[in-house]
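Colleague: Can you walk me through this one? I have the file open.

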Amino acid sequence: MRRIFLAALGAALAAPATAQTKLDFILNWVPGGDHAPYYYAKAQGWYAKEGLDVNLEPGKGSMLAVQKVGAGANPIGLADMGNVLIAKGKGADTVGVFNVYANSPQGLYWLKSSGIKGIKDFAGKKIGNPAADGARPMWPALAKANGVDPKSVIWVNVDANAKLSALKAKSIDVTTSFYNIHHIFQRELGDDMGFVAWRDVGLNPYGNSVVVNADFLAKNRPAIDKFVKVTQRAFATCVANPKPCVQALVDANGALKFDNEMTNWSLVEVLMSDKSSRSVALGIHDDARMKADYELVRDYVGIDKPFDVKTVYTNEFLDRSVKMTK
């Protein structure tokens with residue numbers, strides 16, 4: 001009897017662990033404060049507990065993230081919804097499952113000493129940012145909303161880490177950046193900083209959302225349901241108590257500074273909060289806003305092949321009891 005028991009025990013120990021669903025999650029950019037909840041959930045073992053092997057992959061812009069998820073190179077990623085809509089019209093079939101930025105994070109920065117006072121002064125100026133940055137395809141909508149010819153500016157390829165130095169060196173006149181690192185521009189440029197938030201000048205589409213390859217979603221709905229619920233819980237936890245979340249981010253990415261990423265996260269909370277995220281569910285895509293965003297992209301940027309906007313997002317995986325509390 002003892003031999004039978006030991007043989008059974010040995011077989012059990014030798015048996016492989018329950019297979020986990022691998023999720024190579026491509027971020028919109030290099031890790032920063034806005035990504036703290038994913039790192040926190042991973043460090044706490046929340047994803048693993050749900051059978052998810054989540055690999056957080058640094059990104060190089062929303063356009064690239066959408067392209068990779070749309071092509072199936074990554075099953076899931078983080079990208080600006082405006083870029084998702086544009087890419088959908090070009091055949092990149094992705095579905096938004098969790099909205100992070102209820103408000104557009106996009107901003108434009110320049111030096112006041114250059115004589116630029118606002119968007120209407122951008123004609124003939126050089127705007128520098130990475131080639132795959134999500135601001136580029138959405139620029140025509142912002143320009144037209146402010147009476148500017150979209151083709152009147154010159155786009156210059158600048159690495160993300162070189163934007164500030166290029167602006168200070170005056171090799172570019174304007175650059176783009178997300179609001180969650182606004183404090184860095186303030187610190188570096190001081191009183192000479194010129195700034196305008198897109199959301200304050202007529203353009204406030206949804207920003208970053210978690211998007212999934214449509215084919216992968218169709219075949220792995222239970223896994224995505226678990227991923228969304230864990231992620232939603234992580235974001236809510238980080239709003240309530242951000243320090244452990246930011247620490248998890250810093251622990252996983254040694255070059256980051258805790259205080260800087262805490263400030264980053266505090267600005268992210270501003271972008272996360274709107275009426276729907278506070279009253280309906282954290283992470284929701286509102287139908288009316290998504291319809292308006294589709295029409296904005298269609299009219300100002302262009303959609304190659306029209307589609308029903310409801311095919312590009314779903315709220316089915318959200319826990320409606322989890323809401324933004326600020």
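Colleague: What should I know about the source first?

Modeller: This is a predicted model, where local features need pLDDT of at least 70, side-chain atom pairs count only at pLDDT 80 or more, and totals for chains, interfaces and linings use all residues. Residues are numbered from 1 along each chain as its sequence is written, and side-chain values use heavy atoms, with hydrogens and water left out.

Colleague: What is the strand order in the open sheet?

Modeller: The order is β2-β1-β3-β10-β4, five strands with mixed pairing. Strands are DSSP E runs of at least two residues, helices are H or I runs of at least four, and both are numbered from the N terminus. Two strands pair if DSSP finds at least two bridges between them.

Colleague: Which strands stand at the edges?

Modeller: β2 (52-57) and β4 do; each has a single partner strand, so one side of each lacks a neighbour in the sheet. From one strand to the next, the twist averages 30 degrees. Angles here run from 0 to 180 degrees between N-to-C directions, and axes are lines fitted to C-alpha atoms, for helices over the stretch in contact.

Colleague: How many bridges join β1 to β2?

Modeller: Six, with β1 (residues 21-26) and β2 running parallel. T21 has L52 as its bridge partner in β2.

Colleague: And β4, is it buried or exposed?

Modeller: Six of the six residues of β4 (residues 94-99) are buried, so the strand is largely enclosed by the rest of the structure. Buried means under 20% relative accessible area, exposed over 50%, and partly exposed in between, with a 1.4 Å probe and protein chains only. β4 pairs with β10 (residues 208-213) in the antiparallel sense over five bridges.

Colleague: Switching to α5. Which strands does it lie across?

Modeller: α5 lies across β3, β4 and β10, at about 105 degrees to β3. Nine of the nine residues of α5 are buried. The cover includes α4 (62-71), β3, β4, α6 (135-145), β10 and α14.

Colleague: At what angle do α5 and α14 pack?

Modeller: About 65 degrees, with the axes of α5 (residues 81-89) and α14 (residues 287-301) 10 Å apart. M81, G82, L85 and I86 in α5 meet M290, D293, Y294, V297 and V301 in α14, where contact means heavy atoms within 4.5 Å.

Colleague: What about the start of α5?

Modeller: There, a side-chain oxygen of D80 comes within 3.0 Å of the backbone nitrogen of G82. Just after α5, G91 has a positive phi of about 105 degrees.

Colleague: Where does N208 lie?

Modeller: In strand β10. N208 counts as buried, at 1% relative accessibility. A polar atom of the N208 side chain is 3.3 Å from the backbone nitrogen of D80.

Colleague: And S209, what polar contact does its side chain make?

Modeller: One with the side chain of N99, at 3.1 Å. A polar contact is a pair of N or O atoms within 3.5 Å; within protein, one must be able to donate a hydrogen and the other to accept it, and residues adjacent in sequence count only if both atoms are side-chain atoms. N99 stands opposite S209 in β10. Their C-alpha atoms are separated by 4.2 Å, although S209 and N99 are 110 residues apart along the chain. S209 is buried, with a relative accessible area of 0%.
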